[in-house]
Amino acid sequence: MSYLKKGLSLFLAASMAAGALTGCGGGSGSAGSDGNAGGADTGAAQTDSEGSEAASGDVPTYTIATVRWTDAWPTDYLKSGVMKELEEKHGINIEWQGYYSGDWSEQKSLLLASGDLPDAFFGSCGITDSDIAQNKSYFVELTDLIDQNMPNLKSVFEKEPELLARAKDRNGEIYSLVKKLPLRPEVCGDVMYINKEWLDNLNLEVPKTLDELTAVLEAFATQDADGDGDPSNEIPVTANKNDYLMSGALRTLLAPFGTMVSRDNNYMGLDKEGKPVFVPVEDNYIEAVKWMHDMYQKGVLDPEFFTQEESMATAKRQAEGGSQVGLFTGWTADAQAGANAGQFVALEAVEGYDGGHYVENSQNYLDISDKELLITTSCENPEKLLQWADDFYDDLVSLQTFYGSIPDQVADNGDGTYEVLVPADGSSLDTSAWSWSMRDFGPKYMNPEFYDKVSLPADQGDGIKLAEDEINGKYINSDKSVPFPVVKYTDEELSRLVSLGTDIYKYVEAQFAHWVVDGGIDAEWDAYLQQLDAMGLQELIEIQNTAYNAYLESMK
């Protein structure tokens with residue numbers, strides 16, 4: 001039995017005795033023709049309340065919209081386990097409105113245009129900074145409400161000032177709640193995995209330098225690395241048409257050239273002196289693009305590198321009988337190569353063009369975020385909803401909203417320690433966590449001293465990632481591991497960035513693909529810089545510098 005159930009009867013009795021509570025009257029959203037998505041029952045309040053207090057109006061109902069990646073994941077957990085216990089503890093009912101990312105942009109536009117909003121939005125892939133800036137009248141400013149209703153979150157802010165800095169906008173106002181994901185590696189980005197089976201077949205060593213990596217990839221392209229007698233069917237490096245985009249290539253395949261950029265898709269980085277720079281105009285960028293063009297010409301890059309869907313790239317990595325791919329980047333090998341994961345080993349960051357070892361420490365983006373819960377002005381009683389949300393900053397609740405509930409996905413050992421369980425249905429732990437919890441989405445915080453009380457399967461998901469973290473963790477404190485952080489902008493700056501960035505980024509990405517395939521970067525470089533300046537690049541860089549300095553000031 002979870003700790004939340006202890007004393008539950010007394011709590012509910014006291015709540016009932018206090019009299020009827022006022023509910024929130026948010027609008028009814030839609031996620032498809034039937035008004036719900038993949039089993040997230042938007043009519044759950046009526047269905048679950050027959051013959052209960054909800055039927056007589058004693059239990060307030062809140063409508064909360066949340067966006068998920070895929071309809072392949074079940075949503076039963078929203079009305080069971082720890083999620084149900086939190087509703088019962090606080091004497092509320094949650095009507096979840098489920099949406100999926102593929103349809104969300106259009107549906108969000110309709111919601112915001114209509115003003116018929118749910119009481120809250122849950123999860124950081126729902127509402128953006130631009131949405132808030134353009135619709136301030138729809139959202140509740142939370143500073144005083146947090147102070148009055150959220151002791152757990154206030155404690156978190158005191159322990160970790162970066163979370164408070166992330167929560168505040170440039171005016172010092174708070175419109176959303178934050179999270180910090182638990183049990184995360186220091187090397188927070190994707191790492192390279194190399195096909196060790198192919199290396200062994202060709203009597204090659206695991207590469208340690210950029211030159212050695214180049215030689216290995218060329219051997220994969222020209223020799224019978226997979227041992228099937230055909231030296232032409234190996235694919236040294238593949239990607240889908242979205243992964244090749246600048247932000248992906250610069251952080252992964254081209255990282256040995258020092259091209260680490262922000263995950264905020266603004267192509268900003270920090271140079272060796274810690275100064276913000278727009279990476280696609282730096283000298284090392286030229287060298288990175290030249291190398292990639294050379295790899296394209298030599299057949300190292302998949303001919304479909306720029307055009308294929310992810311399903312095609314996955315099929316090549318996970319091909320029956322053995323992977324067709326020699327090198328890829330990802331969170332873990334099993335997440336990318338599936339049953340072929342055993343062919344691959346994590347690659348230690350190779351010595352780069354300048355002798356440095358570049359790894360990604362993007363905790364500011366991947367582990368920490370705001371916009372995890374926004375309350376709209378449709379909500380009549382935000383205080384009670386925030387009291388519910390404050391429990392998400394409890395250690396044990398965070399564990400369960402990241403991996404799944406006790407006892408089905410997490411075991412309580414009875415001595416203050418907990419074990420994340422291997423899925424009984426044979427699926428991966430990553431799949432289980434996304435299927436039976438909010439996983440990365442929603443308010444969340446676990447105290448670091450609680451980490452040692454949790455054990456993870458060593459051969460699954462996060463257990464593998466944390467073990468592999470030792471390979472590149474030694475490079476994490478170098479000046480080559482810290483990317484440009486997530487910063488905050490004023491409403492005016494955000495508007496200008498959207499206006500400037502739309503065309504600038506498209507032009508940079510188009511030139512990148514052109515130079516990789518056709519070459520010519522040296523001859524066309526000056527014209528490229530002139531065009532970027534004509535498009536407003538210097539103003540964009542000035543805005544980013546101002547926001548970065550404001551970020552540094554907020555951390556003092």
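Q: In which sense do S6 and strand S9 pair?
A: S6 and strand S9 (residues 325–330) are joined over two bridges. Two strands pair if DSSP finds at least two bridges between them; strands (E, at least two residues) and helices (H or I, at least four) are DSSP runs, numbered from the N terminus. Val237 stands opposite Leu327 in S9. S6 and S9 pair in the sense called parallel.

Q: What kind of model is this?
A: Residues are numbered from 1 along each chain as its sequence is written, and side-chain values use heavy atoms, with hydrogens and water left out. Local features need pLDDT of at least 70, side-chain atom pairs count only at pLDDT 80 or more, and totals for chains, interfaces and linings use all residues, the model being predicted.

Q: Which strands stand at the edges of the open sheet?
A: The open sheet has four strands in the order S6-S9-S5-S10, with mixed pairing. Two of the strands each have a single partner, so one side of each is left without a neighbour in the sheet. These edge strands are S6 (235–237) and S10 (344–346).

Q: At roughly what angle do the axes of helices H10 and H12 cross?
A: The axes of H10 (residues 210–222) and H12 (residues 283–297), lines fitted to C-alpha atoms over the stretch in contact with angles from 0 to 180 degrees between N-to-C directions, come within 11 Å. Leu217 of H10 and Trp291 of H12 are among the residues making the contact (heavy atoms within 4.5 Å). The two helices are therefore roughly parallel, a term for angles under 35 degrees. Their axes cross at roughly 20°.

Q: Is Tyr267 buried or exposed?
A: Tyr267 lies in the loop between helix H11 (246–251) and strand S7 (268–270), and has a positive phi of about 60° although it is not a glycine. Buried means under 20% relative accessible area, exposed over 50%, and partly exposed in between (1.4 Å probe, protein chains only). With a relative accessible area of 3%, Tyr267 is buried.

Note on methods. Angles under 35 degrees count as roughly parallel, over 145 as roughly antiparallel, 65 to 115 as roughly perpendicular and the rest as oblique.
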